Amino acid sequence: MKKLTLVTLLFWALSISYAHSQVSFGTPEKINKDWFFTLKNKEDKPVTQFDKKVWQQTNLPHDWTIKQQLSPTLASATGYLPGGIGWYGKVLNIPQDKQGEKVYLYFEGVYNRSEVFINGQSLGTRPNGYVSFMYDATPYIKYGQDNIVTVRVDHSRDADSRWYTGSGIYRNVWLVYANPVHIAQWGVYAYPEVKGNRGTLKVEVEVENGSATAANLTVITELFAPDGKRVANNSRTLTVGAKQNNTIHTNLSVSRPQLWSLEMPTLYTLKTRVLANGKEIDNTTTTTGFRTYTFDSNKGFALNGQRMKVKGVCIHHDAGVLGSAVPREVWKQRLLTLKEVGCNAVRTSHNPQAPDLYELCDELGLLVLNEAYDEWEFPKRKWLEGWNVGTPGFQGSYDFFEEWGEKDLADIVRRDRNHISVFAWSIGNEVDYPNDPYSHPVLGGEKAGFTQASYGGYNPDAPDAMRLGAIAKRLVAVVKKYDPSRPTTAGLAGVAMSNETEYPGALDIAGYNYTESKYHTDHEKYPNRVIYGSENRHDMEAWKAVRDNEHIFGQFLWTGIDYLGESGSWPSRGFYSGLLDFGGFIKPRGYYRQALWSEKPMVYVGTYPMREGRNWLSQDAWAIWNYEEGQNIRVVCYTNAAKARLELNGKVVGETKNYDDNTGIIHWDIPYTAGKLEAVGMDSAGKEVSRYAIQTSARPAAITVVEQVNSLSKDGFGRIVLQVVDENGIPVMLSDDEITCHINGPLRLVGMEAGNNQDMTDYTDNCHRVFHGRIVVYVQATDEGGQAEVKFTAPWLKEAKVLIML
């Protein structure tokens, strides 16, 4: 039996210290304001002035693709939206008194193939659109003068992904001043050992000396409990040679540490200071928490010694109308909603996410499976005319994998290794998909259950699948070099084929995409292999394969939230299998999942008309009660109660039925009568524990505000949720009224999102149709203070207003 015992103590930044979790040294300053942008730099080279006829002023983060028009002539893979070559520019005045300090530019993410210039001088290129990177701009800085920063972003290969990527500088940018001798970027690394009632935080601090002389230093580390009390500290001397780096190793011991858990994500604070001649020259602050976890090939996963199932979802990085430039506030709302559904883990499919997401998972108590790649050395198919339709394209990121793959992975690990939420590193997703691109003779035989028809049979002209093992070993070695405390994994699409290679054996834990049928046979064949579902369907059978098998420690549904791209044939904005829609609202299948995963009593009721010859149970039934009188309607109930009954207008119309563990659905077929329909969840003794009601609505009469923001700070971001109701205030689920947003005051409209996957209209203006009577409106404050009025109107409907103090 293979058993991996992993104990991690990782970091969570306090709100006042978020900058130090992104930039781990010096004095970082966010420089998102007052940039210029153009898609019309005809000379395609850095400029010294920004002609307002060509360059538009903008703030970061910025995704130019989402601001374009949808078109059926563009690739479905990336959401029927264009790419192109964009240029960004900014004027930076570097004060004279900063001379003698180092000046760095740090980018959290630029999609993609970027090159950064300062005063016309190239600082470097970075093709990967998801990794964070930094340049030393010091040699080209003009102190006491304006400096021109320009960034070229080449997304002309706009069908280079299987999903929507966005284009541009879509994450934060930082200007960093630092002493020539400073903590290296991502140079603080900490991990614990916990034995009994004592925790020991093992800390590494790497210091970089950019000066021409050796530096004799003192490195002080201090650990603070959640109440602010210092619980451990240490001091070490360190000598760093000129133009060299050096590292100190130290231990901080804590008695009876409070453990970080999903229910109580308790956090500590680690402070690191560097002194020269008794004077502080650099410092960084991160926040941390203690926890233990184990993976066992027979017993599954345990957090802090408690066995549990990982109830995870895969997520992409966009948010509907916001594209890839997603504010922290939106991610927080989405993650909280996923937790409400019962989710306890996310998989960053299939690339590292913005730092905000990891910080929020640390704070909220969610595990993160951090994934690096969707393809390695060869391209995958990119569908252009609809998912699995027509002839695919083969643009991608494969062309720079050989040069950048290991460096990118090292930077991903070093950036994110201090997050308590990260519990595993995935080096790839479905890179082993049979014949896309790799192939193996086993595909043409019966040995692994394949026939000639399986995946097209063996293709001797395709890349040899035996290459997978060697690449996996290289990538795993990179991860282990920078973080030996966590397991490595991957999402295996063709596990039967990969079992013929060294690929699965190179991993600490093996993720199986959709191949639940292999859980038992592979457990018997490979008894030391730790197995889990890295990508799974939403059906009951897939969940029971996890729930009822002790050795399978969890699953990750595809997907947690609807995402742009990987679209079907036009009209289709994206992939629509999420528990939440583009706007972050819970869909019916989200309530179905809540019934399976949540321990909090819940019940939900949805309906749909019965059709002749069809007797199916749907997990996608909307809460609608508007039909023709006497029409035969199927009412489905999703609940975690032992039994449920159905009431209509206060009378029982559906007999009490026990929970069905085969389908997870209780249902009744009844003739439609207008009124109030209620599902009542009961415990085994018949006591009511939950209730859910829907009502027949009349015609749309008014717009109501169901969620609003009352005040925003400078540049603050907020959301307003609207619902169309009838004259009695009942939500009109069938409404698709077009709502117009009018703003008066120092506030701007960012976007309107109703969550309708088939609505291919303009998303760049101030009007949009609701979906199921609902829409979310995103707004952002400007630099000015005062008050803003936001008014919402629609033909024939009573308007709604929101006042926001700024």
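I started from isoleucine 720 and looked up its bridge partner in S43, which is valine 777. I note here that the model is a predicted one.

Strand S39 covers residues 717-725 and strand S43 covers residues 774-781. I find seven bridges joining S39 to S43, and the two run antiparallel.

Next I asked which sheet holds S39 and S43. I find both in an open sheet of four strands, in the order S38-S39-S43-S41. The pairing in this sheet is antiparallel. I checked the edges and find strand S38 (702-707) and strand S41 (747-753) there, each pairing on one side only. I also looked up the twist, which averages 30° from one strand to the next.

I find another open sheet of four strands, ordered S34-S33-S36-S37, and its pairing is antiparallel. Which strands stand at its edges? I find strand S34 (651-658) and strand S37 (688-695) in those places. Each has a single partner strand, so one side of each has no neighbour in the sheet. I noted the twist for this sheet as well: the average is 15° from one strand to the next.

Strand S36, residues 676-682, is joined to S37 by seven bridges, and the two run antiparallel. What is the bridge partner of leucine 677 in S37? I looked it up and find isoleucine 694.

Conventions: Residues are numbered from 1 along each chain as its sequence is written. This is a predicted model: local features need pLDDT of at least 70, side-chain atom pairs count only at pLDDT 80 or more; totals for chains, interfaces and linings use all residues. Side-chain values use heavy atoms; hydrogens and water are left out. Two strands pair if DSSP finds at least two bridges between them. Axes are lines fitted to C-alpha atoms, for helices over the stretch in contact, and angles run from 0 to 180 degrees between N-to-C directions.
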